[in-house]
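Student: Could we go through this structure together and ask what stands behind each label?
Tutor: Gladly, let's have a look.

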Amino acid sequence: MPWLLLIIAGLLEVGWAIGLKYTEGFTRLWPTVGTLAAMVISLGLLGVAMKTLPVGTSYAVWVGVGAVGTAILGIVLLGEPASAGRLISLGLIVAGIVGLKLASPL
C-alpha cells in the first residue's frame with residue numbers, strides 16, 4: 001500500500017508541476033486552486049508513504065515519477081522537444097525508480 005500511495009503522490013506532483021504553467025503566475029483562480037490542491041495531497045501522500053518506506057527511497061521515487069511524468073506531458077501538451085537524448089535520460093530515471101523499488105526491503 002505505501003508504494004501505491006507513493007506512485008499516486010508522484011502522479012499528483014506531475015499534476016501540480018504542469019498546473020503551475022496554467023496558473024499564469026497564480027493569476028487564474030481555478031488552475032491555481034487545482035494546483036494548490038494537488039500540491040497538498042501529493043505532499044500528504046508522500047508523508048504517509050514515508051511512515052513505512054525509507055525517506056531516501058520515497059523522496060527519490062516521488063521526484064522521479066514527477067520528473068518523468070512532467071517531462072512527458074511537456075512533450076505531449078506543450079510541444080517540448082522529444083530528442084533521443086531526452087528520451088534516453090527519462091528511461092534512465094525510470095530504471096532508477098525500478099531499481100529503488102527492487103532494492104527496497106518493503
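**Labels and their cut-offs**

Student: Why is Tyr-22 called partly exposed?
Tutor: Its relative accessibility is 36%. Buried means under 20% relative accessible area, exposed over 50%, and partly exposed in between, with a 1.4 Å probe and protein chains only. Tyr-22 therefore counts as partly exposed. Keep in mind that this is a predicted model, where local features need pLDDT of at least 70, side-chain atom pairs count only at pLDDT 80 or more, and totals for chains, interfaces and linings use all residues. Residues are numbered from 1 along each chain as its sequence is written, and side-chain values use heavy atoms, leaving out hydrogens and water.

Student: Why does Thr-23 count as buried?
Tutor: Thr-23 has 1% relative accessibility, so it counts as buried. Tyr-22 lies in helix 1 (residues 2-23), and Thr-23 lies in helix 1 too. Helices here are DSSP runs of H or I with at least four residues, strands are runs of E with at least two, and both are numbered from the N terminus.

Student: Which residues is Thr-23 in contact with, leaving aside neighbours within four places in sequence?
Tutor: Those are Arg-28, Pro-31, Thr-32 and Thr-35. Contact means heavy atoms within 4.5 Å.

Student: Which residues of helix 2 are buried?
Tutor: They are Thr-32, Thr-35, Ala-38, Ser-42, Leu-45, Leu-46 and Ala-49. These buried residues pack against helix 1 and helix 3.

Student: How does the span of helix 2 (residues 29-49) compare with the one expected?
Tutor: The expected span is 1.5 Å times one less than the number of residues. With 21 residues, helix 2 reaches 30 Å from its first C-alpha to its last, close to the expected 30 Å.

Student: What makes the nonpolar surface patch?
Tutor: Tyr-22, Ile-72, Val-76, Leu-77 and Leu-78 make it, at about 440 Å². Patches take residues with over 30% relative accessible area and no salt bridge; like charges are joined within 9 Å, and nonpolar side chains (Val, Leu, Ile, Met, Phe, Trp, Tyr) within 5 Å. A salt bridge is a side-chain nitrogen of Lys or Arg within 4 Å of a carboxyl oxygen of Asp or Glu. Helix 3 (residues 55-78) gives the largest share, four residues.

Student: And how many helices and strands does the protein have?
Tutor: Four helices and zero strands. Of its 106 residues, 33% count as buried.

Notes. Areas by Shrake-Rupley, 256 points an atom, 1.4 Å probe, with all protein chains shown as cover.
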